[in-house]
Amino acid sequence: MLATLNKINKNYQKNNQFVREETNLLKRLSRGEQKAFWSLWLPHQDYLYFRCITWMGGNCKDGEEALSRAIIKAYEKMPIHAEKITNPKAWLTRMTHNLCVDIHRERQRQVSNVEDIETVSENENSTSMLSWQTPDSLMLQEEMEEQIRQAIELLPSRLREPFVLRFYQEMSYPEIAEKLAISNSNVRKRIQQAREALQRQLGEYL
């Protein structure tokens, strides 16, 4: 019990320190210290990357493009709003989500003159799914994705590596086997074990 309380206290102190550091970085950024931006961005970059993949329909390449554009936009806009920002992660998440919506709209306009009605309709539906999300549904989605990300990080490396290569980098089983120097059957077995472990941890989300 004492060890648990000590751990909780350490985590609380660590979180408070992180918040104070972010507040100081925001002040520096508002004064024109552009280097402070990277200290605010980098702790959230992996999280924002996974969000971009989700908002871009699960396509890793599109997710990377969206993230690259988000970095540029945040670098330009964050100093302007730094004095009013109280939660950098929430601000960056909202800005990145809006950017992904804009990308879908841009693509819809680009293809509207050359694609048939059925394809245009699919793109409209995709954009609508991003646009009608309420704050509550976004919060629930954020919570779900954060829990999934943490569960994946807690997997043993022998299970986590093939799982990430398969589902986030979209590598084939033979490619994973070659990269990790294991057999195809071992790749399939480890990915299945990773799925089962995640299912046990994330039953309420999956």
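What is the relative accessible area of R28? R28 comes to 26%, so it is partly exposed. Here, buried is under 20%, exposed is over 50% and partly exposed lies in between (1.4 Å probe, protein chains only).

The model is predicted, with local features needing pLDDT of at least 70 and side-chain atom pairs pLDDT 80 or more, while totals for chains, interfaces and linings use all residues. Numbering runs from 1 along each chain as its sequence is written, and side-chain values use heavy atoms, without hydrogens or water.

**View 1. The whole protein has ten helices and zero strands**.
Helices and strands are DSSP runs, numbered from the N terminus (H or I, at least four residues; E, at least two). Along the sequence the pattern reads α-α-α-α-α-α-α-α-α-α. The protein has 206 residues, and 34% of them are buried. Four salt bridges are present (side-chain nitrogen of Lys or Arg within 4 Å of a carboxyl oxygen of Asp or Glu). The views below pick out local details.

**View 2. R28, R31 and E33 are linked in a network of salt bridges**.
The side chains of R28 and E33 meet at 3.0 Å, N to O. R31 also bridges to E33, with the closest N and O atoms 3.8 Å apart. R31 is exposed, because its value reaches 57%.

**View 3. A salt bridge joins E106 and R69**.
Their side chains come to 3.0 Å, N to O. E106 has 26% relative accessibility, so it counts as partly exposed. R69 has 28%, so it is partly exposed as well.

**View 4. F37 and W38 are one of five aromatic pairs in the structure**.
Their ring centres lie 5.0 Å apart and their planes make 75 degrees, so the pair is edge-to-face. Paired rings of Phe, Tyr and Trp (its six-membered ring) have centres within 6.5 Å; planes under 30 degrees apart are stacked, over 60 edge-to-face, the rest tilted. Is F37 buried or exposed? F37 is buried, because its relative accessibility is 0%. W38 is partly exposed, at 36% relative accessible area. Both rings belong to one aromatic cluster, which also takes in W41 and Y75.

**View 5. S39 sits in helix α2**.
This serine is partly exposed, with a relative accessible area of 41%. Its C-alpha atom is 7.4 Å from that of L25. Along the chain, S39 and L25 are 14 residues apart.

**View 6. Y49 and F50 make a tilted pair, since their planes stand at 45 degrees**.
The centres of these two rings are 5.8 Å apart. Y49 is buried, at 19% relative accessible area. F50 is partly exposed, at 26%. Helix α3 spans residues 45–55. Buried residues in α3 include Y47, L48, R51, C52, I53 and W55. Just after α3, G57 takes a positive phi of about 75 degrees.

**View 7. Two charged side chains sit over tyrosine rings, K89 over Y47 and R166 over Y173.**
The test asks for NZ of Lys or CZ of Arg within 6 Å of the ring centre and within 35 degrees of the ring normal. K89 lies over the face of Y47, at 4.2 Å from the ring centre. The charged end of R166 is 4.5 Å from the centre of the Y173 ring.

**View 8. H104 makes a side-chain contact with the backbone of W55**.

**View 9. A181 has a positive phi although it is not a glycine**.
The angle is about 60 degrees. Where does A181 lie? It is found in the loop between α9 (173–180) and α10 (184–201). A181 is exposed, since its relative accessible area is 69%.

How values were computed
Polar contact = N/O pair within 3.5 Å; in protein donor to acceptor, adjacent residues only side chain to side chain.
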